[in-house]
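Hi everyone, thanks for coming.

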Amino acid sequence: MALDPELYLACRSADPLAWRRLYRQYAGRVFRWAVLKGLGPADAEDAAQEILAIACKRFAQCSAAAAFDAWLYQITRKVVANARRRVWWRRVLPMEQPPEPAFVEGPGVEVEMAVRACLARLPADQAEVLLLFDVEGFSREEVADLIGRPPGTVASRLRLGREAFRRLWTELGPAGAAPLAVEEP
Amino acid sequence: MSDPLAALRDARPAPSVEHRIVEGAMARAAGPQRRTWSLALAGVAVAAAAVLLTFALRPAGEPPGALAPAVDAPTPVVRTETPQMRYQVTEGADAVFRVETPVPNQTVVHLSAGTASFAVEPVPPGGFFAVETPHGRVEVVGTRFSVTVGERCTRVAVTEGKVRVRREADAVLVPAGETREICRGGPAGEAVMRAALQDLAGGRTAAARARLEGYLAAWPDGLFAEEALFHLALLARREGDAQAAAAATTRYLTRFPSGHRADRLRAAP
């Protein structure tokens with residue numbers, strides 16, 4: 001779901017009602033990106049606030065409504081990377097909480113937790129391509145643009161990522177889960 | 001589960017989490033950016049240096065906290081020029097105001113009655129110049145404007161540049177040549193506008209039109225008058241009523257010839 005051009009123009013004029021509409025439209029999506037990129041629900045909520053606030057402050061850098069999603073994802077990458085560094089430091093303290101579910105709408109707690117566990121064990125570049133291609137539904141070319149890599153690299157990461165995900169799913173997926181049947185790009 | 005990844009495509013957090021994200025982002029976007037502790041320490045050091053410099057440069061006998069002009073100054077024109085900010089206040093005969101400068105690049109004029117005019121150089125990054133009245137706040141982007149406080153409303157007239165007029169969480173930019181009012185009934189007007197926008201989003205066009213016209217009748221110079229006229233014009237176009245669309249567009253352009261949506265209305269077929 002791309003950004004409505006009318007809403008884009010209203011946000012460019014610093015209309016606060018427009019920004020609130022944009023935030024409502026993207027809050028869930030940005031939160032999902034942050035969770036599937038490895039943050040817990042509390043950190044993802046904080047990161048989502050930061051991502052959307054940064055988007056507002058730097059909106060002049062976004063060239064068009066059609067480019068907004070990709071531009072927002074670039075902000076997400078940076079903010080989540082910073083947040084993960086902070087989370088990593090926290091892990092040296094004996095205070096780590098058990099993982100908790102992040103979504104109330106979706107495939108259910110068991111599948112969500114299993115997917116997150118599998119993605120967390122994949123190499124980050126493969127997990128990112130799976131997130132963008134299989135979860136978010138971007139095309140191979142769009143993913144290439146988003147991560148700044150050639151489409152061939154995207155296809156390679158996608159193939160490797162899916163193979164690894166399949167193996168992990170067999171090991172970590174919910175009991176009784178059927179073998180995966182995903183299509184090649 | 002053949003494709004657990006695709007199953008997460010529509011995964012969403014609880015509505016309360018989404019609400020907190022929206023409100024948190026609004027607050028962060030409106031306020032200063034959060035800093036890491038090291039940057040905060042650097043900021044404290046810079047602020048301390050600025051305070052020391054301020055005290056060192058103050059003429060003998062001037063009381064602390066008097067960097068800004070005096071309260072209810074008897075002279076008609078107040079000028080301030082610091083390395084951080086330059087502005088000029090011309091007070092009307094009935095103006096009652098005081099100036100606060102909590103830090104050198106931030107100035108707040110509290111105007112409780114009467115009229116005062118302002119000329120402000122572009123505000124430096126991180127700073128602001130604002131006029132607080134009993135009805136709301138006018139934030140300066142770098143401009144000439146006047147503010148009149150009445151019993152029920154505050155009227156802002158912009159001569160040059162633009163200002164941001166704010167009431168609580170809502171704000172609009174007012175360009176040169178235009179006026180806006182912030183009234184005690186503001187929140188009621190905002191509620192009408194919000195309901196109208198919800199009606200528009202939900203396709204309830206008749207209800208939306210009634211609310212927009214109702215808003216304009218009740219608050220003709222209100223904070224959202226421009227937005228109401230703009231949406232009336234769009235609504236008429238969406239419904240394919242060329243005559244009504246032309247009339248609504250003319251109404252908008254007559255009232256807000258340099259409004260920030262004027263070009264969009266002129267450009268649209």
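First, a bit of housekeeping. What you see is a predicted model, where local features need pLDDT of at least 70 and side-chain atom pairs count only at pLDDT 80 or more, while totals for chains, interfaces and linings use all residues. Residues are numbered from 1 along each chain as its sequence is written, and chains are lettered from A and ligands numbered from 1 in the order in which they are written.

So, chain A. It has eight helices and zero strands; helices here are DSSP runs of H or I with at least four residues, strands are runs of E with at least two, and both are numbered from the N terminus. Of the 185 residues in chain A, 38% are buried. Buried means 20 or more other C-beta atoms within 10 Å of a residue's own, exposed means 12 or fewer, and partly exposed is in between, with C-beta atoms placed from the backbone.

Now look at α8(A), residues 151–172. Its 22 residues reach 30 Å from first C-alpha to last, close to the 32 Å expected at 1.5 Å a residue; that expected span is 1.5 Å times one less than the number of residues. Which residues of α8(A) are buried? They are V154(A), R157(A), L158(A), G161(A), R162(A), F165(A) and W169(A). Seen down the axis of α8(A), the buried residues fall within an arc of 140°, so they line one face of the helix. The arc is taken over the directions from the helix axis to the C-beta atoms. On the other side of α8(A), G152(A), E163(A), T170(A) and E171(A) are exposed. And what do the buried residues of α8(A) pack against? That's α5, α6 and α7 of chain A, together with α1 of chain B.

Next, α3(A), residues 41–57: its 17 residues reach 24 Å, close to the 24 Å expected. Its buried residues include A47(A), A48(A) and L52(A).

Those names come back in the largest nonpolar core, which has 58 residues, with A27(A), A47(A), A48(A) and L52(A) among those with the most contacts inside it. A nonpolar core is a set of buried Ala, Val, Leu, Ile, Met, Phe, Trp, Tyr and Cys residues joined through C-beta atoms within 7 Å. Helix α2 of chain A gives the most to this core, with twelve residues.

Methods
Two residues are in contact if their C-beta atoms, placed from the backbone, lie within 7 Å.
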